[in-house]
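Subject: Handover of a structure and notes on its contents

Dear colleague,

Please find below the structure that I am handing over to you. My notes on it follow directly after.

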Amino acid sequence: MSIRHRTIIESVLGHSEGITGKQLSGQLRVSGKTVRNDIAAVNQWLKEEGLSIRSSQRQGYYIEEASRSRMLALLKSQEYPQKGRGAQTPIERRLAILDRVLGHPGSPIERIAEFLWVSEQSIYKDIACLDQELKENCGFSGLWVHNHKVYLKAGEAEIRRLVLRIIHSCILRGGQLMDRWLCQLMGSIINLDEIYTFYDQVRDYCVRNHIRVPQQVLYMAAWAVFYVNVRREEAHFLEKGACFNRKDRLAGFLRFMNQTFFLEFEDQDLEFLYRALRAVGFLPEEEQKEICVEEMSQARELWNRFRGELEKQYHLTFLCEDQEQQAYFFRELKCLLCRVREGYQLCGWPFCHKEPGEILYREAAVMMSRLVRDQTGMFLTAEEVERMAWRVQACAGRRERSVKMVMVCEEDVGQYYRIRRWLEERLGDQVKVRGFCPGYLLEEECLAARPDLAVSVKPKDLGLPLPLVILEDPPGAEEERKVREILWDRIQKHRIRSFLDQLIGEQGVMVCGAGISLEDMTRRCAEALKERGCIRDADDFLGEIRERARAYPWKAEGGCHILLPFGRHGIKDGIAVAVERCQEGNGKVVFAASCSCDLEKSGDRDETWRILDSFFRSRDMAGKLGGIRDKKGLLKLVSESLETKIQDRR
């Protein structure tokens, strides 16, 4: 039986004197013809049990008194089919509980415990955890327990929006139309044949009308129509009416689905679906004609601000030669704004959790959240921030930086021109040859031009802390491989070591005992950053760090916390590190450092941060740092560990 069939039987049972077709039609908000067809289908199913719904002109629809007890028993067996239904883990149980409450508000705790084969105490604990997860991750506070029963105390639009957000997160996580999490969430109403039929219609409609949307959005469209239809069959209606006068292709798709399946949606249902599908990315036509001028201008403003801040703060730029990637990211940005406005932001449920992106891209995504907050007044959810970090990582490229070389040449100047031409042909913009000079003038050249390395055809003792590359004349394939390897290995090592020298300098490092908290250590890092000219105000910086920590909790690996100035508080590049070692459950901060550094000179910012992030967050680093008692020992440990880390990275 469908839910509407069960509702019809319950309504007829509830009216011992009988109920008219007009009353049923008004209660279910369907036509009289639909009621007659449904009752015929129910009677066909009840025939096997020797039961039926009778009708007469005087009473309407009724059930004979002798059959009422058998009908109630049959309904009970259909309402609670098999016990347990595979809900083994706490997450599965919580989804199953939410499913029961959605379908049957006021479900008794004892019946749910019997259904899931667990104790009532376990159900109470699961409900408390479910309530906390819904509040923290979905902003939903409508789960309510009263007289040992569970209710959803919220408006119909809010309930629908909550479920569609969870469905969206499940689909994005698994990339499938159906997975076990959706089965748990929709166990009481799931109809695989209907779901796949809806999906086939959505896909075929988009193909026929040349509508290009991602596959996961097609899944979401099928689920959205299915779920709204089920809620209406259960007699759950939107409280507020709306006029649906949309004329774009998304509106045409919704009208097509409504007419094809005789769903009999009202205007408010179609308007609800329209906004929901817009929020998840169902935006047909490349030119996006259905977006109003105001929405387009807001998205364009956010796009331009984000690109400018991304280049200014993180030296990242969108791949200029890839217009398709830029258009894709801008499309994602418009969908993000729709989700924020309509309340469909992604949920950070445990089963939807992803590994956090690299620190550079995650900080860029947090910056996006600040820009969205300035424009809309709302924060992004933690899940939206993580998704944005992966989008930035996929669509943004680092600004190219050339390696400065100087040629050490004595008599044969022709060698210089031959090798310079070879370097420029083979390595292109990656190298910039500053010129040539004899060995005795190299020191002055280094002071003037500040090259990254020297190139020579003969071994020389330069007496300078400058890497020297020896090339044969003419260079071959093996020489090219060697040059590329040396470029990364020696130059990157030199740059990062220079960065770490500043990080662990006398003014930037603090080695502490057990008597200081992480909060105090963070404050000392912020004050050190202010003293070194990296941030303007330590209190503002700390407030922003705390605000981010509340909105986007990110558990540090290995007890290491990396703090970066950004936004309105950043003046120039800086980094603060605090390492916390835990002993017998007690937190103990043992090391912290802060640095203000010109990364334009010290090396590639993206690669530097990646190595620093993987270096400090290594599993054993917090333990090793816990044994350090002075700065000299700390510098030695970092230098030795860096050699291995760079080699592994290469």
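Are Y205 and F253 buried or exposed? Both Y205 and F253 are buried. Before I go further, please keep in mind that the model is predicted.

Overall composition

The chain has 650 residues, and 51% of them count as buried. It contains 26 helices and 15 strands. Among the contacts in the chain with a separation of 6 or more, 71% are accounted for by residues 24 or more positions apart.

Aromatic pairs

The count of aromatic pairs comes to 12. One of them is formed by Y205 and F253, whose rings are tilted at 50° between the planes and lie 5.5 Å apart, centre to centre. Y205 belongs to helix 10 (residues 192-208) and F253 to helix 12 (residues 249-260), so this pair ties together parts that are 48 residues apart in sequence.

W223 and F226 form an aromatic pair of the edge-to-face kind, with 85° between the planes and 5.7 Å from centre to centre. Both residues lie in helix 11 (residues 215-233), where they are 3 residues apart, about one turn of the helix. W223 and F226 are both buried. They also belong to one aromatic cluster, formed by F198, W223, F226 and F261.

Charged residues over rings

K153 lies over the face of W144, at 4.4 Å from the ring centre. R160 lies over the face of F272, at 5.5 Å from the ring centre.

The packing of helix 8 and helix 13

Helix 8 (residues 156-174) and helix 13 (residues 267-280) pack at an angle of about 30°, and their axes are 12 Å apart. The crossing in which helix 8 passes helix 13 is right-handed.

Three strands form an open sheet in the order 3-5-4, with antiparallel pairing. Strand 3 (107-108) and strand 4 (143-146) stand at the edges, each with a single partner strand, so one side of each is left without a neighbour in the sheet. Strand 4 is joined to strand 5 (residues 149-152) by 4 bridges, and the two run antiparallel. Within this pairing, L143 stands opposite L152 in strand 5. Helix 7 packs on the sheet and touches strand 4 and strand 5, its direction making about 150° with that of strand 4. The hairpin of strand 4 and strand 5 has 2 residues between the strands, and N147 in this hairpin takes a positive phi near 55°.

Strand 10 and its partner

In a regular strand, the side chains alternate between the two faces of the sheet. In strand 10 (residues 453-456), L453 and V455 point one way while A454 and S456 point the other way, and all are buried. Strand 10 is joined by 3 bridges to strand 11 (residues 468-470), and these strands run parallel. S456 stands opposite I470 in strand 11.

Residues with positive phi in loops

Most residues other than glycine have a negative phi. Which way does the phi of W117 go, positive or negative? W117 has a positive phi of about 60°, although it is not a glycine. This residue lies in the loop between helix 6 (109-116) and helix 7 (120-138). W117 is exposed, with a relative accessible area of 64%.

H210 likewise is not a glycine and has a positive phi, here of about 55°. The loop that holds H210 is the one between helix 10 and helix 11. H210 is exposed, and its relative accessible area is 67%.

With kind regards

Terms used: Residues numbered from 1 in each chain as written. Predicted model: local features only at pLDDT ≥ 70, side-chain atom pairs only at ≥ 80, totals over all residues. Heavy atoms only, no water. Phe/Tyr/Trp six-rings, centres within 6.5 Å; stacked < 30°, edge-to-face > 60°. Buried < 20%, exposed > 50% of the residue type's maximum accessible area, 1.4 Å probe, protein only. Lys NZ or Arg CZ within 6 Å of the ring centre and 35° of its normal. Pairing = 2+ DSSP bridges. Axes fitted to C-alpha atoms, helices over the stretch in contact; angles between N-to-C directions. Left-handed = near helix turned anticlockwise from the far one by under 90°. Contact = heavy atoms within 4.5 Å.
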